[in-house]
Amino acid sequence: MLRRLQFWRGQCMIVLPYISLIEEKKVYLSSLCESNGVFVECYFSGGSQRLDPRIDIAISTVEKANSIINRCLLEGIKPSINMLIVDEAQTLESERGHLLELLLLKLRALNPQIQVVFLSATLPNPRAIARWLDAALYLYAERMQRDPPSQRVTEYAVVNGEVRSRDGAILRRLGVSDRTGALRELVRELLAQADASTVLVFCPTKSRCEKVVRLLLPLMPPLSPEHQQYVEAHLLLFARTHATRLDPAFARFLRAGVIYHHAGLTDEERLLAEGLFRRGCVRVLAATTTLSAGVNLNVAVVVLDGIRRGKQSYTRTEYQQMVGRTGRMGQTVAGRVFVLLDAADAAAYQRLAQREARDVSQTQDGAAEAESRRFLRSGDYWRKAVMELVGCGVARGALAVLQRLADQSFFGFLLGRPALRVGDFVSLRVEPGPPEQYVVALAPSLLAADGELALSPSLQPATLKPATSAEQSVQSAQSLSESQQTAQQSAKHTQHSPPDPLLLEIVSALRFLLEGGFLVLTLPVAVESTAVQAAGTAAQQLALTLTALGEAAFRSGLSATDVQQLAASLARLNENLDISNHLQVLFHLTPLAVDVRVDIAAVLQYTESQLADAELQFINRDVLPLGTLYSLRNGRSVESLDSQQQAVLRRYVGCLVVRDLILFNNLNRTQALFGLSKGVLQSIQMAYKVFFHMNLKVLKALHYDFLYEVFKSFETDITAELTPEALAFVNQGVELKFALILTNSGYKTMEDVRKEDPVVLLRTLIDHLPWQSAYCKEDEVVEIENEYDKCLHFINWLKKKCTIP
């Protein structure tokens, strides 16, 4: 990397899956490079989206990397990235894998000479990836034989209470037959051994993690005085530096040396558990698979509590990541892995435990096709890919966009298939008007598809009025129809030959975007359609252009289907906006896919006790009839609602949680009201902050200017990162907006407020409070009076709270 930076100039981008790894890598590279004039910066979450040209090495998540590249291209800046390093490259087979493909698609189009390096200890399909990247492949399959004894890993299977070697030989019996009992007895043995200083137990679910901790709690030996002192010091430090209180049960488990680690914890709680585990103060850590990657842990023993998550077995990559937490470089004792199995999972375990890196093409029993489907990606990905290629200007010609996707998709390299020529299946032509039409014609083999893809030749064309010459653009009608010319050109692809699934997905994405109004086909301004028809150059001349809706999807990062749903929702809001009803806006700021599990009784209680009459009227009119909502109290089950009502109810529940978090920003309060863990609430906070910015981009692209300003007025409450001082005010009952004003005005504690002159305090509050609905002078007067009353009420509350004189 350093040699390429020195001789090729340009910039290097390092992509990592987790923020913790990014920060760790930045510290390491900064200490190594910055003294030599090589500068490092990291990009993630809500940070900067501008790639500073003075930075030599940019470290980023894959999501942020895509945003950075898009931002550069939208501003007319070509990124000077000549090297891409993807660490933990097994991300390619995860749900984030499509983003990695999309990033590579754009970077390789911008710089064909870019050097791409994939790094992973558990890389899936390495040979196919090497073909895809046109790269040299370096495998270390014999590592286990070359490593010193302290870095080797010995695996054992525990079935029916019997500890067995990899070849099935019974080594000893634990005296119990059930899996839970075997786990308890195994950990009891390990805790008595000097070489088992730390034990990491991987569990399939969050609830199982907590049950395992409670199961093992009576077995834990007392901590040494040194470790006890270290734990108490860190618990005290946590209490002083964090406004949210640590769960007493969590603190009790830490003092006993056993703890759980899962997504239900806050980031701060997870960091506390990891730090004490690394120090050796916590000897047993029960975690979900989220800890199998992204955290640099080195443990003596790994225990897998089964190889399934629900009915789904772990992937081989997940298994290797979990096993890889032991036997790492620098470890002084040999690593051991115990896999607790049900008898029916023995065969599945043998497949998972294979050490040789295999490709899908090497899969036996005809399963290669089925396994490769995991890398075909969803329709949302192909729609996003088409829009990003067009929006970034990487490719504009309709056939050029489709051909680039066909050529550079990883799926096409998995089974070593011959390259696709999109022109053999798809053609374009211009039909002069009136009305003028641009036609995408498909081969018969694409129209068959056994009914799986509804590319009907009877699709009715949609007519759009051509733009005037003054507008310097040409709008068109689009239609997808069967063409006799295409049928002749692609006669070798008969109606009975199975269509390529990759081509089907790409063509389906194009059809969806044209039908949905995200894209239009256009000709250059100076080109006459009659000349294109006569010359037969439609395939070269017709280009794809984003509409306002397509621009909204491209800039927001949402999927096309989500943008359709969001645009329809915002259009209704734009017609019926009540600016004084905050819940109306907060409902639309709630992420579409939010799914929180809250007891319906808590939802009804919050609805009745916390919402104003105007908010209840909005719910009854635009969300869910209150009669339907209240019927759930009388024994009606949620499952009895239809699917659309269930989706609306889930979003409404999420809206109530978002409302409480935004208005009070108090995790303890919201946790008590809804029974959700702080980790889940923290995830919701991050989700609605991201979704807020997506809403703004959609509103701007659709030119809903007034609605944009209304949403923008919520920005301070939604995106502001609260200081510990502001959180301390909130946790003492101060409303969020008043807490922000007090801290921004220099008040640090309630004692500072108590000492202040009430008149000065009142003036400070009035000067900083924004007006909500100032349409005219009369409204301004009313608004000032309302805000004045609110401030007086707050001052009176403070008098009681702080005994202000």
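Helices here are DSSP runs of at least four residues and strands are runs of at least two, both numbered from the N terminus. With that in hand, let's explore this predicted model through a few exercises.

## Exercise 1: The whole chain

Find how many helices and strands the chain has, and what share of its residues count as buried.

**Solution.** 
- Step 1. Begin with the elements: the chain holds 38 helices and 20 strands.
- Step 2. Turn to burial: 49% of the 805 residues count as buried.
- Step 3. Finish with the contacts. Among those with a separation of 6 or more, 70% are between residues 24 or more positions apart.

## Exercise 2: A loop residue and its partners

Locate Arg-377, decide whether Arg-377 is buried or exposed, and list what Arg-377 touches.

**Solution.** 
- Step 1. Look in the loop that runs between helix H14 (368-372) and helix H15 (379-391); Arg-377 is there.
- Step 2. Check the accessibility. Buried means under 20% relative accessible area. Arg-377 has a relative accessibility of 13%, so Arg-377 counts as buried.
- Step 3. Inspect the backbone. Most residues other than glycine have a negative phi. The phi of Arg-377, a residue other than glycine, is positive, near 70°.
- Step 4. Complete the neighbourhood. Setting aside residues up to four places away in sequence, Arg-377 touches Leu-92, Ser-94, Gly-97, His-98, Glu-101 and Trp-382.

## Exercise 3: Two helix pairs

Work out how H7 packs with H8, and how H15 packs with H16.

**Solution.** 
- Step 1. Know what to look for: two packed helices are described by the angle between their axes and the distance between the axes.
- Step 2. Take H7 (residues 179-191) and H8 (residues 206-216). Their axes come within 10 Å and cross at roughly 50°. That makes H7 oblique to H8.
- Step 3. Note the hand: H7 passes H8 in a right-handed crossing. Thr-180, Leu-183, Arg-184 and Val-187 of H7 make the contact with Arg-208, Val-212, Leu-215 and Leu-216 of H8. By class, this contact has five nonpolar, one polar and two charged residues.
- Step 4. Move to H15 and helix H16 (residues 398-408). Here the axes are 10 Å apart and the packing angle is about 125°. H15 and H16 are therefore oblique to each other.
- Step 5. Again note the hand: H15 passes H16 in a right-handed crossing. From H15, Trp-382, Ala-385, Val-386, Leu-389 and Val-390 meet Val-401, Arg-404 and Leu-405 of H16. The classes in this contact are seven nonpolar, no polar and one charged.

## Exercise 4: A residue in H32

Find where Val-710 is placed and which residues Val-710 contacts.

**Solution.** 
- Step 1. Go to helix H32 (residues 705-712), the place of Val-710.
- Step 2. Read the accessibility: at 7%, Val-710 counts as buried.
- Step 3. List the contacts. Apart from neighbours within four places in sequence, Val-710 is in contact with Leu-577, Ile-579 and Val-585.
- Step 4. Examine one pair. Val-710 and Leu-577 are 133 residues apart in sequence, and 9.7 Å separates them C-alpha to C-alpha.

Note on methods: Residues are numbered from 1 along each chain as its sequence is written. This is a predicted model: local features need pLDDT of at least 70, side-chain atom pairs count only at pLDDT 80 or more; totals for chains, interfaces and linings use all residues. Side-chain values use heavy atoms; hydrogens and water are left out. Axes are lines fitted to C-alpha atoms, for helices over the stretch in contact, and angles run from 0 to 180 degrees between N-to-C directions. Angles under 35 degrees count as roughly parallel, over 145 as roughly antiparallel, 65 to 115 as roughly perpendicular and the rest as oblique. A crossing is left-handed if the near helix is turned anticlockwise from the far one by less than a right angle, and right-handed if clockwise. Contact means heavy atoms within 4.5 Å. Ala, Val, Leu, Ile, Met, Phe, Trp, Tyr, Cys and Pro count as nonpolar, Asp, Glu, Lys and Arg as charged, and the others, Gly among them, as polar. Buried means under 20% relative accessible area, exposed over 50%, partly exposed in between (1.4 Å probe, protein chains only).
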